[in-house]
Amino acid sequence: MHPALLGLITIVVGVSGCIGYFYGSNLLLDKVLFPASGPNIGRNISRRELIRPWLFLFPAILALGLYLAYPVVATLILSFQERGAGGVRTFVGFENYTQMFAEPKFMEAMRNNVLWLVVVPAAATGFGLLAAQLTDRLRWGNIAKSIIFMPMAISFVGAAVIFKLIYEARPEDVAQIGVLNHLYLLFGGDTPQQWLTIPFWNSFFLMAVLIWIQTGFAMVILSAALRGIPEETIEAAIIDGANPFQIFFKIKVPQIMGTIVVVWTTITIATLKVFDIVFAMTNGQWETQVLANYMYDKLFRANDWGMGSAAAMIIMLLVTPILVWNVYNARKEMR
Amino acid sequence: MDGLSGKKPAVVWLLNISVVVLVALWLFPTLGLFVSSFRTSEQITSSGWWASLFPAEQTLQLRALDPDENRFETSAGVFVVEGNVLEGDYAEVAIDRWGTSSRAPDSYATGDTADLGDGENMTLNADGTYVWQGNGEQISGRGQRLFIIATIPPEFTTNNYRTVLFTEGNSEDMAKAFFNTLTVVIPATIIPILIAAFAAYALAWMDFPGRALLIATVVGLLVVPLQLALIPLLQFHNAIGIGKGYLGVWMAHTGFGLPLAIYLLRNYMVGLPRDIIENARVDGATEPQIFTKIILPLSFPALASFAIFQFLWTWNDLLVALVFLIDSSGETTVMTKQIVELLGTRGGDWEILATSAFVSIAVPLLVFFLMQKYLVRGLLAGSVK
């Protein structure tokens, strides 16, 4: 069957299935199980209102449990196992982890990930804040914001092609088509560089892609936060003779600190999971490996599920502090 | 800031210039891909795309017409070949200088006559017409070489798009990837919205024990890296017989998209006016009625913003498709995978790569610009609250 047709049928079946479930289950509850009639009408109504939330929640809980909660546990278990002959998995304790930590490629991935975590959120938030502040009162600010925000819609893979064009190197005696080498030669560089093959620095060239994508996100949120600052505080500062820089760093930034933290952590999480950029641009060669790509390598190239799962658990471990912090804040807000 | 910067023109100028620089910096990479997709492979590899926007000075090496076929005798023993070197490919070229040897291509201005020795001479005019004159021996063999320093206007072609979209072989792959991507994206966008809308309503407006715990769980699941889910779910899909395929990828995208969907929609629904819902309850509306008749229509902006998020995310996704969809037959490839493949195998074919990549990002960009309002609103609801 043609996949498009299959897709269409699935949409119809899926959507009508969902609607059918909600309609049917509520109908069942109202008309059959606890009808609003007969001798126990009061008890029936209160009982069905006890059950109804769970009818509404059931598909979501099922999907969340199966696709997010269960895998965390299953991956944890897998990371302590090794697949022996005949696909039999045996418990090996921390062996996968010790083996992994002994691998230079893993340590390289860890080192790079730390580098990414330090640079990308800081740079993206910084640029975002700068863009938000500069465009704030500009007449064409919205157009400017729109353009800076645009990379968000571009896939990491598309961005990889876009930046490959920038980093491209041609032989010395012909015209450079990569703008980076063009500028490098223009400002006194001697030979064109293969930017993505220079260890250590090449990670920064990959980070530039993510920063380029994430800055718009930071800008949009921080720009809304800047707008939310009470005018009086700024007017008071102006009257007191503060200069624009003082107003920005001493009055505005402290007031939006909460939002800056949210943006920072959100980009941190995106950075931790970065896979596509490295996969498409260098595939971890020339010392650019990161955890997510290392894990993919272990899972689907080396076919080592134990170590792949262990690598995934490391990513989870790195995310956990942010997870706890988010949950803590959400609970505080609800009270 | 109004009071400060509004009065000093220098500050306003500085502000405008810095924003222009910032915008240019952010637009430049995408523009490069866009412009490159309209250049021939020869153009892409011979000069930077930024140069193609302006007329460029180039040295062309051309040849006069074959004298044995085109010469005619004006007077006894004097032969002439006339023609136009710019005919055809170079119709819009403007000649700056020209010459007859590769060492000195800038010897003559247009309209000058070059003395080629022994009475042989060549005259080249600005419009490309030339007169080549000499005796029968000189005007024979191969046509006289002409070196022209010329200003060539920007030139673009849509041929790449024709190749990628409509040529046998390429187009099948691209069209297949395009439709496969759509097949993944549409159900993977609609289904989580439906499921999440109901759950979000229950979490926002129904009272039941454990509600706070559930909300906290959703917030926690928001950041769980989907890398964790790959193996257990692949095992699960194999165990229930789905294997790799559309059903699996739809379910995976639904599961991964749900936390954000529920979170966004709940945040929005909580903000709806309490009066409306309570009045409806007093008037005897049942919960399903309140949900379908009041909550859903009012939540349209939030539904739209999640739909855009999920659309962009599933369209641009590579990892989930690689793991849950694309099998060894390659029949179910998606756009992102197709581009990665091109990057690997045809990294040198810039025109194909650039054009395919632009085709793949065109749809999300279109959605982005049309629905930006909702996207921004969704981002704000998801992060600031």
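How many residues of chain B are in contact with chain A, and how many of chain A with chain B? The answer is 90 residues of chain B and 93 residues of chain A, where contact means that the C-beta atoms of two residues, placed from the backbone, lie within 7 Å.

A word on the source. This is a predicted model, in which local features need pLDDT of at least 70 and side-chain atom pairs count only at pLDDT 80 or more, while totals for chains, interfaces and linings use all residues. Residues are numbered from 1 along each chain as its sequence is written, and chains are lettered from A and ligands numbered from 1 in the order in which they are written.

Back to the side of chain B that touches chain A. Helix α6 (residues 170-205) of chain B gives the most to that side, with 14 residues. Helices here are DSSP runs of H or I with at least four residues, and strands are runs of E with at least two, numbered from the N terminus. By class, this side of chain B has 67 nonpolar, 21 polar and 2 charged residues. Ala, Val, Leu, Ile, Met, Phe, Trp, Tyr, Cys and Pro count as nonpolar, Asp, Glu, Lys and Arg as charged, and the others, Gly among them, as polar.

One helix pair spans the two chains. The axes of helix α6 (residues 156-167) of chain A and helix α14 (residues 335-345) of chain B come within 9 Å and cross at roughly 30°. Axes are lines fitted to C-alpha atoms, for helices over the stretch in contact, with angles from 0 to 180 degrees between N-to-C directions. α6(A) and α14(B) are therefore roughly parallel; that word covers angles under 35 degrees, with over 145 roughly antiparallel, 65 to 115 roughly perpendicular and the rest oblique. In α6(A), V157(A), G158(A), A160(A) and V161(A) meet T336(B), I339(B), V340(B) and L343(B) of α14(B). This contact has 6 nonpolar, 2 polar and no charged residues.

Within chain A, the axes of helix α4 (residues 104-135) and helix α8 (residues 201-227) come within 6 Å and cross at roughly 40°. That makes α4(A) oblique to α8(A). Their contact has 17 nonpolar, 9 polar and no charged residues.

Now the domains, whose bounds come from an automatic or database domain assignment. Chain A is divided into domain 1 (3-79) and domain 2 (97-334), with 39 Å between their centres, taken over C-alpha atoms. In chain A, 5 residues of domain 1 are in contact with 7 residues of domain 2. Chain B has domain 1 (2-52), domain 2 (55-152) and domain 3 (162-383). The C-alpha centres of domain 2 and domain 3 of chain B lie 64 Å apart.

Last, a sheet in chain B. Its 5 strands form an open sheet in the order β2-β3-β8-β7-β6, with antiparallel pairing; two strands pair if DSSP finds at least two bridges between them. Which strands stand at the edges? They are β2 and β6 (113-117) of chain B, each with a single partner strand, so one side of each has no neighbour in the sheet.

β2(B) and β3(B) form a hairpin with 2 residues between them, and G77(B) in the turn has a positive phi of about 75°.
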